[in-house]
Amino acid sequence: MNKTSTDLSPAEVTPGDEPLLAVDDLHVEFHTRAGTVRAVNGVSYTVGAGETLAVLGESGSGKSVTAQAIMGILDMPPAVIPHGEIRFKGTDLLKLSEEARTQVRGQRIAMIFQDALSALNPVFTVGWQISEMFRVHRGMSKSEAMKKAVELMDRVRIPAAKQRVHDYPHQFSGGMRQRIMIAMSIALDPEVLIADEPTTALDVTVQAQIMELLAELQRESQMGLILITHDLGVVADVADKIAVMYAGRIVENAPVYDIYKTPAHPYTKGLLDSIPRVDLKGQDLYAIKGLPPNLLDLPKGCSFHPRCPYRQDNCESTAPQLYEISGIRGSACHYWREVLDGERQQ
Amino acid sequence: MSNPTPPVGPGLPETQTLVPDTVTEPAKQRAGKQAKAARSASLWTDAWYDLRRRPMFIISMIIILILLIMSFWPSLFTSVDPYNARTCDLSTARQGPSPGHLFGRDNLGCDVYARTIYGARNSIVIGVFTTLITTLVGGLLGIVAGFRSGVVDTVSSRLTEIFFAIPPILGALLIAATFRGRANSIMLVIIALAVLGWPMTFRIMRAAVITAKNQDFVIAARALGAGAGRIMFRHLLPNSLAPVIVVATINLGTFIAAEAALSFLGVGVQSPDISWGLMIADARNRFLEASLPLVFPAVFLSITVLAFIMMGDAVRDALDPKLR
């Protein structure tokens with residue numbers, strides 16, 4: 001199921017202009033006993049070197065599944081990728097052999113996880129785990145690798161790194177653990193770093209520190225950063241652009257400033273309206289009505305139409321494409337103009 | 001404001017970490033010292049720390065140590081060599097305890113004490129080797145089956161079920177009787193017990209691996225470029241080892257008991273080799289005339305089996321505090 005070259009704009013075909021990582025029309029399905037779960041339905045996004053893309057969406061919107069597909073850590077079966085490409089520097093990762101993908105993992109594209117405690121092996125010291133990256137992939141000796149591990153722990157600002165390198169994951173606080181996870185993931189200087197809700201398990205003050213650290217590491221090494229989150233507050237400061245996902249589709253993508261100022265999709269608008277605001281103290285907090293869609297049985301037409309205040313008749317029959325608003329913005333809503341103008345129907 | 005609240009904030013560890021350069025040198029040292037004190041806190045060191053304080057573990061460990069010494073250097077305990085036929089004297093058969101022969105003499109006039117001491121070696125050898133083989137074979141297959149799943153898992157799991165369907169003593173009896181005389185009797189007992197014993201270890205290892213496999217750190221290891229072998233032996237194995245070790249320790253005792261049973265039934269260790277089971281079998285016919293030749297090996301056997309099972313229990317408690 002290759003895309004024909006006519007689907008690609010000429011700029012994308014020339015390898016020179018190929019973005020660092022491009023996800024193109026990716027579909028992921030899970031074949032379960034209850035039926036086919038369509039977790040990702042045609043997601044496309046790109047990340048360039050030194051660029052931060054925030055993928056925003058609620059639970060079950062397919063943001064993590066997309067990331068796992070990029071990493072190639074989906075369990076297949078039950079997962080199936082019936083369609084789509086994931087191009088890293090022009091090569092389609094999905095067509096690579098398992099060995100070739102193992103080479104990409106960790107070395108070219110790395111990932112950090114939400115819960116750093118469970119993402120670290122409980123039976124080895126953190127130093128052992130960080131230095132393992134160097135021993136396995138760089139062929140360093142034990143002592144050399146350990147030295148590099150201490151350097152890395154310093155780099156992610158773990159105090160007394162030299163002593164703490166011999167500690168086990170459970171002896172660290174949540175924020176420190178996430179730093180160790182980050183140290184492991186950047187050990188081999190990956191070109192793309194995927195952070196899957198890196199701050200969700202942390203408290204607010206620590207969240208900011210971790211985000212700051214990620215942003216700083218990214219500035220230093222010019223990696224492409226994909227930040228997966230459901231927290232609008234987390235992304236505002238660090239992201240360059242945002243892709244909002246709903247029911248396995250990207251419903252809006254835009255530079256971060258535009259999204260916050262003028263959302264062009266009713267879902268994004270709903271999300272922004274649901275943020276508590278001090279100036280509206282005492283009023284009821286806005287909430288998007290209804291429930292997230294059942295991925296086993298997606299609504300016909302636009303997946304968001306049952307919850308949408310801008311709904312018209314054709315929303316129930318025709319799924320909107322990602323309309324281009326400007327060169328860098330898109331919205332998958334038939335009525336994005338009305339949303340932009342802020343005229344809520346009903 | 002009658003009760004001023006103490007200031008909060010500066011004590012937060014996370015706040016400190018933001019500005020590591022401002023952390024004073026003594027504070028750094030203190031942190032280092034704390035880290036050192038709490039340093040050896042892996043599952044195994046924790047378990048060891050816990051074990052050293054358990055009377056049950058200490059008692060069983062002492063018994064096992066004595067048994068080990070007994071099987072390596074039996075001459076430390078007795079000057080009589082029971083493998084030398086000249087130490088037996090038929091005219092003193094079934095004599096009661098006497099100064100040189102504390103446990104009396106058996107049907108053939110041999111010293112029961114010396115034979116009991118020398119019997120430890122075969123029990124320990126058979127117990128240890130059977131456990132090693134079952135743990136290695138069952139453990140390795142268990143990791144692969146649990147990790148690979150699919151066909152490999154299905155085939156090996158069904159295979160273990162076939163072995164589970166065989167009554168253990170009957171199965172071992174069958175194997176030992178069939179190959180009797182073709183191999184060293186001790187080796188035969190080890191093989192017979194190992195063939196029937198590995199599925200247990202397999203199942204436990206497989207279950208532990210399947211649990212560990214779905215944990216985040218395995219997925220994270222994959223995401224950071226670890227290959228299948230590395231994931232199996234660096235990430236899955238150490239995290240699945242605890243239950244296997246517990247079962248292995250308990251099984252060791254069970255295998256020793258099984259060896260005695262096989263020897264008692266006449267298909268295990270063969271004379272002139274010495275085994276507690278064999279001694280019990282020999283003494284059984286004249287039990288009413290002379291009970292000591294049966295009682296002593298039986299007591300040693302019970303104590304040995306008990307010691308290993310006790311140690312297994314203690315190890316389990318130490319490795320899985322939730323079960324306490």
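Between which two helices of chain B does the loop holding B:Pro272 lie? The legends below start there.

**View 1. A cis peptide bond in a loop of chain B.** B:Pro272 sits in the loop between H10 and helix H11 (276-284) of chain B. The bond joining B:Ser271 to B:Pro272 is cis, with omega about 10°. Helices here (H or I, at least four residues) and strands (E, at least two) are DSSP runs, numbered from the N terminus. A word on the model: this is a predicted model, where local features need pLDDT of at least 70, side-chain atom pairs count only at pLDDT 80 or more, and totals for chains, interfaces and linings use all residues. Residues are numbered from 1 along each chain as its sequence is written, while chains are lettered from A and ligands numbered from 1 in the order in which they are written.

**View 2. B:Ala257 in helix H10 of chain B.** B:Ala257 belongs to helix H10 (residues 228-264) of chain B. It counts as buried because it has 21 C-beta neighbours inside 10 Å; buried takes 20 or more other C-beta atoms within 10 Å of a residue's own, exposed 12 or fewer, and partly exposed lies in between, with C-beta atoms placed from the backbone. B:Leu292 is 35 residues away along the chain, and its C-alpha atom is separated from that of B:Ala257 by 20 Å.

**View 3. Helix H8 of chain A and its surroundings.** Helix H8 (residues 174-186) of chain A has 13 residues and spans 19 Å from first C-alpha to last, close to the 18 Å expected at 1.5 Å a residue (1.5 Å times one less than the number of residues). Because 12 of the 13 residues of H8(A) are buried, the helix is largely enclosed by the rest of the structure. Among the buried ones are A:Met176, A:Ile180 and A:Met184.

**View 4. H8 packed beside H9 in chain A.** The axes of H8(A) and helix H9 (residues 204-221) of chain A come within 10 Å and cross at roughly 15°; axes are lines fitted to C-alpha atoms, for helices over the stretch in contact, and angles run from 0 to 180 degrees between N-to-C directions. H8(A) and H9(A) are therefore roughly parallel, a label for angles under 35 degrees. On the H8(A) side, the contact includes A:Gln178, A:Ile182 and A:Ile186, and on the H9(A) side it includes A:Ile210, A:Leu213 and A:Leu217. Residues are in contact if their C-beta atoms, placed from the backbone, lie within 7 Å.

**View 5. A:Asp196 in strand S7 of chain A.** A:Asp196 has its place in strand S7 (residues 192-196) of chain A. With 22 C-beta neighbours inside 10 Å, A:Asp196 counts as buried. Leaving out residues up to four places away in sequence, A:Asp196 touches several residues, including A:Ser64, A:Phe113 and A:Ile228. A:Asp115 is 81 residues from A:Asp196 in sequence, yet 9.4 Å from it in space, C-alpha to C-alpha.

**View 6. Two positive phi angles in loops of chain A.** A:Ala160 lies in the loop between helix H6 (142-155) and helix H7 (161-164) of chain A. Its phi is positive, about 50°, although A:Ala160 is not a glycine. A:Ala160 counts as buried, with 22 C-beta neighbours inside 10 Å. A:Asp189, in the loop between H8 and S7 of chain A, has a positive phi of about 50° and is not a glycine. A:Asp189 is exposed, with 10 other C-beta atoms within 10 Å.

Technical notes:
Angles under 35 degrees count as roughly parallel, over 145 as roughly antiparallel, 65 to 115 as roughly perpendicular and the rest as oblique. Two residues are in contact if their C-beta atoms, placed from the backbone, lie within 7 Å.
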